[in-house]
Amino acid sequence: MGNSEDLARLSSAYDTVAESYSAALPDTRFEAPLDMAMIEALCARLYPTPGRKVIDAGCGTGRMSIHLAEAGLDVTGVDLSPGMVQVARRRHPGLAFEVGALNRLPAAEAAADGIIAWYSIIHSSPSELREIAGEFRRVLRPGGFALVAFQVGSGQRTIRRAYGHDVDLRAELHSPADVAGCFAEQGFVPEAELVRAARPSEKHPQAMLLVRMPPAPTGTPSAP
């Protein structure tokens with residue numbers, strides 16, 4: 001996520017592309033079947049109790065938020081870009097969307113049963129992932145799950161054109177082992193990991209990591 005200047009640049013870029021992004025990615029049809037299997041794995045672990053609270057961290061214009069809501073989850077979308085949030089609210093008026101950063105989620109401690117960060121860490125450096133994992137730990141209840149998706153590799157690249165607009169975006173590639181290690185340092189335990197080959201429309205392999213916070217010790221009540 002970087003310093004305040006980096007955050008402002010990132011927010012501005014996504015403000016610029018918000019409408020075009022929403023038109024290009026209105027729902028989950030872009031996702032590969034294996035991607036959807038990992039999303040459904042998250043949903044399955046949050047069921048059978050309906051209404052479990054999930055934060056869609058880096059929600060964009062809400063395409064994943066509405067998918068999770070339709071699965072019976074109580075979803076709040078969070079995005080750094082006010083423009084993205086504005087479009088999300090217009091497209092999905094029945095859902096809650098807020099402006100916030102991955103490392104400063106607008107949620108109380110132990111407020112959520114699940115967090116999904118669907119390709120939202122791609123603008124965070126490896127060193128910044130530790131702070132993000134710590135924030136996810138703060139927000140999740142004992143036994144809660146986090147699902148993180150990202151492109152596989154190392155290093156960064158600059159994106160000058162996206163969704164029909166000139167932008168200035170830094171994109172990071174991550175090693176699955178490094179991402180898993182950052183979450184392990186914060187007390188998460190691995191639940192499932194998927195690394196798949198790039199499709200023709202993609203430049204890099206794709207990874208999805210599902211991790212879990214350990215449940216509360218026997219006899220210790222979890223957050224209400």
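**Cysteines, helix packing and aromatic contacts**

The sulfur of Cys59 lies 16 Å from the closest cysteine sulfur, that of Cys43, which is too far for a bond. A disulfide is defined here as a pair of cysteine sulfur atoms within 2.5 Å. The structure is a predicted model, in which local features need pLDDT of at least 70 and side-chain atom pairs count only at pLDDT 80 or more, while totals for chains, interfaces and linings use all residues. Residues are numbered from 1 along each chain as its sequence is written, and side-chain values use heavy atoms, with hydrogens and water left out.

The structure contains zero disulfides. Cys43 is in no disulfide, its nearest cysteine sulfur being that of Cys59. Cys43 is buried, with a relative accessible area of 5%, and Cys59 also counts as buried, at 5% relative accessibility. Buried denotes under 20% relative accessible area, exposed over 50%, and partly exposed in between, computed with a 1.4 Å probe on protein chains only.

Helices (H or I, at least four residues) and strands (E, at least two) were taken as DSSP runs, numbered from the N terminus. In helix α4, residues 82-91, the buried residues are Gly83, Met84, Val85, Val87 and Ala88. These buried residues of α4 pack against α1 (4-24), β2 (74-79) and β3 (96-99), where contact means heavy atoms within 4.5 Å.

A search of the whole structure gave three aromatic pairs. One of them is formed by Trp118 and Tyr119, with an edge-to-face arrangement, 5.5 Å centre to centre and 90° between the planes. Trp118 is buried, with a relative accessible area of 7%, and Tyr119 counts as buried at 17% relative accessibility. Phe136 and Phe183 form a tilted pair, with 6.0 Å centre to centre and 50° between the planes. This pair links distant parts of the chain, with Phe136 in helix α5 (residues 126-139) and Phe183 in helix α6 (residues 176-185), 47 residues apart. Both Phe136 and Phe183 are buried. Phe136 and Phe183 belong to one aromatic cluster with Phe188. Rings of Phe, Tyr and Trp (its six-membered ring) were paired if their centres lie within 6.5 Å; planes under 30 degrees apart count as stacked, over 60 as edge-to-face and the rest as tilted.

A charged side chain also lies over an aromatic ring: the charged end of Arg199 sits over the ring of Phe30, 4.7 Å from the ring centre. The criterion requires NZ of Lys or CZ of Arg within 6 Å of the ring centre and within 35 degrees of the ring normal.
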